Amino acid sequence: MSAPGYAPRAAAAHLLNGVLTEHRLLTDMVNSKDGPLSKLPPQGKARAQSLANDTLRHLGRIDIIIDQFMQKEPPISVRNALRLATCELIVDKIPPHAAVDAVVRLVKNNRQTTRMAGMANAVARRISENGAEIWADLEPTSLPPYLSKPIRKTYGKDVLAAIELAHENGAPIDITLQSQADTDDLVEALEASVLSTGSLRLFKWGQISTMPGFEEGAWWVQDASAAIPVKLLGDVAGKTVLDVCAAPGGKTMQLAAAGAKVTAIDLSKYRMERVQENLTRTKLSANLVVADVLTYTPDQPVDAVLLDAPCSATGTIRRHPDLPYAKAELTLQPVLDLQKQMLNRAASWLKTGGEMVYCTCSLLPSEGEDQVEQFLASHPDFEQVAIVAKDHGLLPEWIDANGAMRLRPDFWADRGGMDGFYAAILKKHA
Ligand SMILES: C[S@@+](CC[C@H](N)C(=O)[O-])C[C@H]1O[C@@H](n2cnc3c(N)ncnc32)[C@H](O)[C@@H]1O
């Protein structure tokens, strides 16, 4: 990789400080109009973002290496500058002089740390000489205890280790095609492979908006796991479907492309604007409603509901390595209460015989399996319909004893992994 300039590195340092000291989310900072990336050209933005992401993804190993070469804990901004340099030296394999020079400039340009530039220079040099060897013997970055504990308790220590490895490995880009008829052409144009679930997977990509077929709306970016819940509703052509918690609209586009009459509901006006942009680009249509699910009521009962509830997003850490650091603890109860209320409301909107798919991108049973169990216990007019793995290109072991889909980031480890996801089909009977 060629060495980027100073500005993207300075922006990456801002991003890192924001996540690690202010517990902010990268997406919020990246999308902010006056955020750290706002003055960078597209290439610089992409570089700053990928440098911050990679540094967070490998933070555990990076810190162990820095600690080997430092006597005294430096101010956090100096540690963050060294973290970026370590990532550039070992992960990105950037020429040592460029990475060392950048850390020295970052430390020097901050009045409070300028006197530490010499120390930063010495530490970065030693990392450039010896870091890679140490790195190879280190375990993948651990999740913070507030996340590792519940995951270990649910899946065991071996699965936790596999999930942590999947997080370090990162994620390819998966796309959903508007029409399967374009598969062969897009596989060739994008050098993609076809997954058994129907998504295309890309291991090489550039600026998304300039890639073949994007502007024409032939596809959208969506993790392979996230594309499955809509498919669980079966043939939705001509049916009325409520897409509950819809933004930014990946599932709305799938439903509209499948011919459903979609009403998409989301609380966030800003996020709903992204849904509209996506629909405009793909020339698909849906009725968009900015509303709180807890107060909204549809005019008529509907044939199907897709409820993609807000959750801890613990299944998406391989794509969002900032998530573990943006919080210091799991405060699940409010979101569990919200999921429960959303399930109750959405259930009342279904016609008799209609089906609801409840899903979350969480690894925690409290947001998936337990919610569905409690829902069924309090809704005798609903039954769970078992998902048939082979109908959706899934492995049978990914379906639990109750017929729900439980996906984990360590699945498909040999081909780039997948986001963690839970989905269950709930049918309202007479
Ligand atoms: C997991 S995301 C949805 C992702 C989306 N289904 C997709 O596939 O692109 C959850 C969404 O729930 C929305 N949300 C959170 N609380 C809500 C509420 N009370 N009413 C409506 N939407 C809500 C958030 O704005 C967020 O966009």
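**Burial, packing and backbone in a predicted model**

User: Where is Ala171 found?

Analyst: Ala171 sits in the loop between helix H9 (157–169) and strand E1 (173–177). The model is a predicted one.

User: What does Ala171 touch, not counting residues up to four places away in sequence?

Analyst: With those left out, Ala171 touches Arg318, Arg319, Gly416 and Gly417. Met418 lies 247 residues from Ala171 in sequence, and their C-alpha atoms are 7.5 Å apart in space.

User: How do you know whether Gly420 is buried or exposed?

Analyst: The count for Gly420 is 28 C-beta neighbours inside 10 Å. The cut-off for buried is 20 or more, therefore Gly420 counts as buried. Gly420 lies in the loop between strand E11 (405–407) and strand E12.

User: Which residues does Gly420 touch, not counting residues up to four places away in sequence?

Analyst: They are Thr314, Gly315, Cys361, Ser362, Leu363, Leu407, Arg408 and Pro409. Lys204, 216 residues from Gly420 in sequence, is 22 Å from Gly420, C-alpha to C-alpha.

User: What makes Glu191 buried or exposed?

Analyst: Glu191 has 12 C-beta neighbours inside 10 Å. The limit for exposed is 12 or fewer, so Glu191 counts as exposed. Its phi is also positive, near 50°, in a residue other than glycine. Glu191 lies in the loop between helix H10 (183–190) and strand E2 (193–194).

User: What is the arrangement of H3 relative to H5, and why?

Analyst: Helix H3 (residues 42–57) and helix H5 (residues 76–91) pack at an angle of about 90°, and their axes are 9 Å apart. Angles of 65 to 115 degrees count as roughly perpendicular, so H3 is roughly perpendicular to H5. In this contact Leu51, Asp54 and Thr55 of H3 meet Arg83, Leu84, Cys87 and Val91 of H5. By class, the residues of the contact are four nonpolar, one polar and two charged.

User: Which residues of the largest nonpolar core touch the most other members?

Analyst: They are Val244, Val305, Leu307, Met356 and Ala423, out of 69 residues in that core. Strand E12 (residues 421–428) gives the largest share of this core, six residues. A second, separate core has 36 residues, including Ala12, Ala13, Leu84 and Val100.

User: What is Val305 in contact with, leaving aside its neighbours within four places in sequence?

Analyst: Val305 is in contact with Leu242, Val244, Ala346, Trp349, Leu350 and Met356.

User: How many residues surround the ligand, and which are the closest?

Analyst: There are 18, the closest being Cys245, Leu267, Ser268, Val293 and Asp308. Helix H12 (250–257) and strand E6 (261–266) are the elements that give two or more residues to this shell. The shell has ten nonpolar, three polar and five charged residues.

User: Which residues does a cis peptide bond join?

Analyst: Ala247 and Pro248 are joined by the cis bond, with omega about 10°. Pro248 is in the loop between strand E5 (240–244) and H12.

Technical notes. Residues numbered from 1 in each chain as written. Predicted model: local features only at pLDDT ≥ 70, side-chain atom pairs only at ≥ 80, totals over all residues. Near = placed C-beta within 6 Å. Helix = DSSP H or I, 4+ residues; strand = E, 2+ residues; numbered from the N terminus. Nonpolar A, V, L, I, M, F, W, Y, C, P; charged D, E, K, R; others polar. Contact = placed C-beta atoms within 7 Å. Axes fitted to C-alpha atoms, helices over the stretch in contact; angles between N-to-C directions. Parallel < 35°, antiparallel > 145°, perpendicular 65-115°, else oblique. Core = buried A, V, L, I, M, F, W, Y, C linked by C-beta atoms within 7 Å.
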